[in-house]
Amino acid sequence: MTMTLILASTSSTRIALLRNAGIAFEARSPGVDERALEMPLLAAGASPTEIAQALARAKSLALAASPGAVVLGADQVLDLEGERFVKPADRTDAFRQIARLAGRTHRLRTAVALASEGAIVWEHVSTASLTMRPLTDAAIDRYLDEAGETALWSVGAYLLEGVGIQLFSAIDGDYFSILGLPLLPLLDILRQRGVLPS
């Protein structure tokens, strides 16, 4: 029996990654309040990896009651030497984030979790290191003018698949994970779970 895949996200990037890989799925909003979920974790001193994992699990479990379905939840946490970033609220916040990251190396932790029948059946975390080149205030403003609204779509105020790539001098990690889904291990587990043909 073929299982239905539900993506617990309305992220346009994650939707495109799965579509481009030829995977049939439904995208649904998990309705998870990420900031509320993070608060007790942060108070308990959870690591960026633990926070990303908890959010991915919560998203997948939020829709895991769907019969005959496997639910994919994902989350990313940007970690700059212990400082955690979330999506910028506006252009001013985006400018602040890029100014903090400029000339430094940060880590992007991408967690994914699969849930079926109310339980987590698989999870994976990947970490990428990204080095942003030094940037003047004028260079950041030029970038934000060119990026427009897309600068507000992800943590760190950049999308590597767009003009955001111009901010970087070095990247070490899986490209698909940086975009939001570690596709190779994900494809492997989807074949094992009968979502994709082996």
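**Entry 1. Charges**

I count Lys and Arg as positive and Asp and Glu as negative, leaving out His and the chain ends. The model I examined is a predicted one. On that count I found 18 positive and 22 negative side chains in the protein chain. I then looked up the centres of the two sets, and they lie 1 Å apart.

**Entry 2. Fold and dimensions**

I noted their order along the sequence as β-α-β-α-α-β-β-α-β-β-α-β-α-α. The radius of gyration is 17 Å, close to the 16 Å of the globule rule for 198 residues, so I record the protein chain as being as compact as a globular protein of that length. For the C-alpha trace I noted spans of about 55 × 40 × 25 Å along the principal axes.

Of the contacts between residues at least 6 apart in sequence, 66% join residues at least 24 apart.

**Entry 3. Surface and burial**

The accessible surface of the protein chain is about 9400 Å², and carbon and sulfur atoms account for 52% of that surface. I found that 47% of the 198 residues count as buried.

**Entry 4. Nonpolar cores**

I kept a general expectation in mind: nonpolar side chains in soluble globular proteins tend to be buried together. How many residues does the largest nonpolar core have? I found 48, and the residues with the most contacts inside this core are Leu-5, Leu-18, Leu-72, Ile-98, Tyr-158 and Leu-186. Apart from this core lies another, of eight residues, including Ala-46, Ala-52, Ala-56 and Ala-111.

I then took Leu-18 by itself. Leaving aside residues up to four places away in sequence, Leu-18 touches Leu-7, Ile-23, Phe-25, Leu-72, Leu-181, Leu-183 and Leu-186.

**Entry 5. Pro-185**

I located Pro-185 in helix α7, which covers residues 183-192.

**Entry 6. Thr-150**

I placed Thr-150 in the loop between α5 (137-147) and β7 (168-172). Thr-150 is partly exposed, with a relative accessible area of 26%. From Thr-150 to Arg-193 I noted a separation of 43 residues in sequence and 34 Å in space, C-alpha to C-alpha.

Technical notes. Residues are numbered from 1 along each chain as its sequence is written. This is a predicted model: local features need pLDDT of at least 70, side-chain atom pairs count only at pLDDT 80 or more; totals for chains, interfaces and linings use all residues. Side-chain values use heavy atoms; hydrogens and water are left out. A nonpolar core is a set of buried Ala, Val, Leu, Ile, Met, Phe, Trp, Tyr and Cys residues joined through side-chain atoms within 4.5 Å. Buried means under 20% relative accessible area, exposed over 50%, partly exposed in between (1.4 Å probe, protein chains only). Contact means heavy atoms within 4.5 Å. Helices (H or I, at least four residues) and strands (E, at least two) are DSSP runs, numbered from the N terminus. The radius of gyration is taken over C-alpha atoms; the globule rule is 2.2 Å times the number of residues to the power 0.38. Accessible areas come from the Shrake-Rupley method with a 1.4 Å probe; for residues, only the protein chains shown count as cover. The place of a charge is taken as NZ of Lys, CZ of Arg, CG of Asp or CD of Glu.
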